[in-house]
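Subject: Structure for your review

Dear colleague,

Please find below the structure that I am handing over to you. I would be grateful if you could read the notes that follow alongside it.

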Amino acid sequence: MEVGIVLNPAAGGGRAANLMPEAEAELRRLGVNGRIETAKAPGDLAPLVLSFLQRGISRVLVAGGDGTLNIVLNGLAGLIADGTARTSLELGILPLGTGNDFAHALCLPADIRAAVRRAVPGTPRLVDVCRLNNRLFLNASGAGLDARVAASSLRIEA
C-alpha cells in the first residue's frame, strides 16, 4: 500500500512539521510506503493531493487542522468542477492543527503515531459536506469575528 501525506508546515503553530519524522517512522513500522509533500502556500495543498492521485495514490492524509482540511476540500472541489480531478479519493486526517474540531468529532487520536495507525488501514467513512455561499465545509461555519480569526490563521509560512 502507498499513502500520500500533504503537510501544512504552519499547522499547530509549526508543530505539524516537527511531527513528520514520527509519522514517517510509523508508516515504515506498518510496512507502508509513504510520501510526504509539504505545502509552501495554501494554494499548494489541493494540487499536491491531485499529484498523488495522478501517481495512483488514492489514500491521502491531510496533516494539519480544520483550516488545512477546509483548504484541501475547497481546492479539490474546484479541481473536480473544472474537470482536472476525475477519480475517487480516500482522504484521511492527521490532526496536527490547533483545535482539530473535526478530528475530535470523529474521535481520532491526537497522538501522531496513533493517528497514522488509524488512518492507514482504516475503513473509509462517508461524511456530509455542506455548502454555504459557494464554499464547502465539513464541521462548522461561522460569521463575523470567528470567520475573521479563522481567515487570518490560514496563512502558511515558509
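Predicted model: local features only at pLDDT ≥ 70, side-chain atom pairs only at ≥ 80, totals over all residues.

Overall layout

The chain has 158 residues, and 39% of them count as buried. Its secondary structure comprises 6 helices and 6 strands. Among contacts in the chain with a separation of 6 or more, 74% are between residues 24 or more positions apart.

The sheet

In general, the strands of a sheet pair through backbone hydrogen bonds, in either a parallel or an antiparallel manner. Here, 4 strands form an open sheet in the order β2-β1-β3-β4, with parallel pairing. Its edge strands are β2 (33-38) and β4, each of which pairs on one side only. On average, neighbouring strands of this sheet are turned by 25° against each other, direction ignored.

Strand β3 (residues 59-64) deserves a separate description. With strand β1 (residues 2-7), β3 pairs in the parallel sense over 4 bridges. Within this pairing, Val6 stands opposite Val62, and Gly4 has Val60 as its bridge partner. With strand β4 (residues 90-95), β3 again pairs in the parallel sense, over 6 bridges; there, Leu61 is opposite Gly92.

As for burial, 6 of the 6 residues of β3 are buried. Both faces of the strand are covered, with Arg59, Leu61 and Ala63 on one side and Val60, Val62 and Gly64 on the other.

Helices on the sheet

Helix α1 lies across β1, β2, β3 and β4, and runs at about 170° to β1. Helix α5 also packs on the sheet, where α5 touches β3 and β4. The direction of α5 makes about 165° with that of β4.

These two helices also pack against each other. Two packed helices are described by the angle between their axes and the distance between the axes. For α1 (residues 15-29) and α5 (residues 112-119), the angle is about 40° and the axes are 9 Å apart. An angle of that value makes α1 oblique to α5. The crossing of α1 past α5 is right-handed.

On the α1 side, the residues that meet α5 are Leu19, Met20, Glu22, Ala23, Ala25, Glu26, Leu27 and Arg29. Their counterparts in α5 are Ile112, Arg113, Val116 and Arg117. By class, this contact consists of 7 nonpolar and 5 charged residues, with no polar ones.

Helix α2

Helix α2 (residues 45-54) is mostly covered, as 7 of its 10 residues are buried. The buried residues are Leu45, Ala46, Leu48, Val49, Leu50, Phe52 and Leu53. After α2 comes Gly56, which has a positive phi, near 85°.

Thr68

Finally, I would draw your attention to one residue of helix α3 (residues 66-81), namely Thr68. Is Thr68 buried or exposed? Thr68 has a relative accessible area of 4%, and because buried means under 20%, Thr68 counts as buried. Apart from neighbours within four places in sequence, Thr68 is in contact with Asn8, Ala11, Leu45, Val62 and Ala63.

Yours sincerely,

A colleague

Conventions: Residues numbered from 1 in each chain as written. Heavy atoms only, no water. Buried < 20%, exposed > 50% of the residue type's maximum accessible area, 1.4 Å probe, protein only. Helix = DSSP H or I, 4+ residues; strand = E, 2+ residues; numbered from the N terminus. Axes fitted to C-alpha atoms, helices over the stretch in contact; angles between N-to-C directions. Parallel < 35°, antiparallel > 145°, perpendicular 65-115°, else oblique. Left-handed = near helix turned anticlockwise from the far one by under 90°. Contact = heavy atoms within 4.5 Å. Nonpolar A, V, L, I, M, F, W, Y, C, P; charged D, E, K, R; others polar. Pairing = 2+ DSSP bridges.
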